[in-house]
Amino acid sequence: MESSYEKLALFYDQLMQGIDYQAWVSYVEELVANFQGKIKSVVDLACGTGNSTIPWSERGYRTFGVDLSAEMLKIAQQKAHKMGQQITFLKQDLRSMVLPQMVDLAVCFQDGFNYILNEDDLAAAFRSVYRNLHPEGFFIFDLNYLPQLLPQNVDHYSTDEEGYSLTWSMSYDEKDKLWEVTVSGIIKGDKDHQFCETHYEKIYDPSDIWRLLIRQGFTVMGTYQAFTFSPPHASAPRLVYIAQKL
């Protein structure tokens, strides 16, 4: 489960600049409050460059960020330091994660678990989260249905911005429920840098996610259409799961 963000890490923030990370945190806080939970510490899984991590620290939580990409974590650490936030960033595999202390909440958004491509590894990641949670701690994450996010009969996108140009080529294997995207582009500067990376995401059925969570000891509290409190429907492109260690 090695990272494939070596070049992409350089301008990941530009690609994600339209995302309201503070709104993510507020939504999770509302979910926890809905189940009468109390949290003082949080770990942000697959934290990337720290955009989804720093808001937790800003709100006063003891905060950890975990990712497999050294490139992403370096940017995250620099960003947190510049903003005066005390965050512990750790380069670890989610399947074998060991935090310096147990936490009240584990979160993972923006497809983090879709990058785990088989059930055994996903079960190991869930088990690892369970071990690092306090009793009554919460585990909240999203998973996507990427084929439903894409327009029909479109297999590539491209964009040309001031600092970079990108092309995505996409395909979906219905049998294995595996989505493949190849990102190629140019980072513009005094000397242009070309790169090409291929990413894979697994599409999981909600029933399989529930089964794996329960098998690891979690109580599944609910599944929602992303960033709502509405139950999911067949065409929902992204689901949010909330589970608790009881």
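**Aromatic rings, my notes**

I began with Phe 139, which is buried, with a relative accessible area of 0%. Buried means under 20% relative accessible area, exposed over 50% and partly exposed in between (1.4 Å probe, protein chains only).

A note on the source: this is a predicted model, where local features need pLDDT of at least 70, side-chain atom pairs count only at pLDDT 80 or more, and totals for chains, interfaces and linings use all residues. Residues are numbered from 1 along each chain as its sequence is written, and side-chain values use heavy atoms, with hydrogens and water left out.

Next I looked up ring pairs: rings of Phe, Tyr and Trp (its six-membered ring) pair if their centres lie within 6.5 Å, and planes under 30 degrees apart count as stacked, over 60 as edge-to-face and the rest as tilted. I found 17 aromatic pairs by this rule. Phe 113 and Phe 139 have ring centres 5.8 Å apart and planes at 85 degrees, so I noted the pair as edge-to-face. Phe 113 sits in the loop between β4 (103-108) and α5 (119-131), Phe 139 in strand β5 (residues 133-144), 26 residues apart. For these names, helices (H or I, at least four residues) and strands (E, at least two) are DSSP runs, numbered from the N terminus.

Then I checked Phe 139 with Phe 218: the centres are 5.4 Å apart and the planes at 35 degrees, so this pair is tilted. Phe 218 is buried too, with a relative accessible area of 3%.

Lastly, I noted one aromatic cluster, with Tyr 21, Trp 24 and Tyr 27 among its members.
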